[in-house]
Amino acid sequence: RDKILQAFKEKSRFYYLFAYLLFWTGMRPSEALALRWEDIDIKHGFLSISKSRYKNDENPTKTAGSEREIRLLSGVIDVLRAVKPLHVGINEHVFKNQEGQLLNFHTWRAGIWYRILRGTGIRERKPYSTRHTFISAGLSNGVNIKWLAEYCGTSVTMIEKHYGKYIGGNVEEQFSKLLGVKPETFTETLVKATGTDPDEVFENTEEEVGGPTWTRTTSKKKE
């Protein structure tokens, strides 16, 4: 993902926003193509998805559950704010080609997307893989599956069916969640072991290891 986005920034900056939005919202390409500036609330950081566009036809979203409003990550907001034209009608589409016409997805995929992938040495894959990346990364990092399904406009069943290998998780991690453990910093561990003032421990630790404390897990104390 990062390698591809960097390539867009350096070699095809005009389409950087389109690629960035796909990677960091998990939107379907057809949903992104239908976006108009009126659908985006940059000030409050929300985006409304209610349409999809395939070729020149604009229709409702894939399913009723696909219609949604999502909160945007700060990075997405920053990119949107940076590229939004000063004078633009709220009903104008966000994504156009360099001639100012509506972006033709098939032309963009063949002429821009695949060229970027070849230039980075990444095997060819469809732009829809950006959605797969968003979902699989979320699952791998422990994001709540129900929240993720709602955010991406799909179902838990669909995610379990297609992304099951990312859901399992480490056995120790799952046991930790089951038993209600919480993270304990290295500083907290030393304070318990030595009875030293926390500030002194932090100063001494920083001098000795030259960086931030590491963490480990420990069971919560019963009250």
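These questions and answers go through strands and helices in a predicted model.

Q: In what order do the 3 strands of the open sheet stand?
A: The sheet is open, and the pairing of its strands is antiparallel. Strand 1 (40–41) and strand 5 (68–71) each have a single partner strand, so they stand at the edges. The order is 1-2-5.

Q: Which residue in strand 4 is the bridge partner of Tyr 54?
A: Strand 3 (residues 51–54) and strand 4 (residues 57–60) run antiparallel and are joined by 4 bridges. The hairpin they form has 2 residues between the strands, and Lys 55 there takes a positive phi near 60°. The partner of Tyr 54 is Asp 57.

Q: How are helix 7 and helix 8 oriented to each other, roughly parallel or roughly perpendicular?
A: Helix 7 (residues 145–152) packs against helix 8 (residues 156–163) with the axes 9 Å apart and an angle of about 105°. Angles of 65 to 115 degrees count as roughly perpendicular. The two helices are therefore roughly perpendicular.

Q: How many residues of the contact of helix 7 with helix 8 are nonpolar?
A: From helix 7, Ile 145, Lys 146, Leu 148 and Ala 149 take part, and they meet Val 156, Ile 159 and Glu 160 in helix 8. Of the contact residues, 2 are charged and no polar ones occur, while the nonpolar ones number 5.

How values were computed: Residues are numbered from 1 along each chain as its sequence is written. This is a predicted model: local features need pLDDT of at least 70, side-chain atom pairs count only at pLDDT 80 or more; totals for chains, interfaces and linings use all residues. Side-chain values use heavy atoms; hydrogens and water are left out. Two strands pair if DSSP finds at least two bridges between them. Axes are lines fitted to C-alpha atoms, for helices over the stretch in contact, and angles run from 0 to 180 degrees between N-to-C directions. Angles under 35 degrees count as roughly parallel, over 145 as roughly antiparallel, 65 to 115 as roughly perpendicular and the rest as oblique. Contact means heavy atoms within 4.5 Å. Ala, Val, Leu, Ile, Met, Phe, Trp, Tyr, Cys and Pro count as nonpolar, Asp, Glu, Lys and Arg as charged, and the others, Gly among them, as polar.
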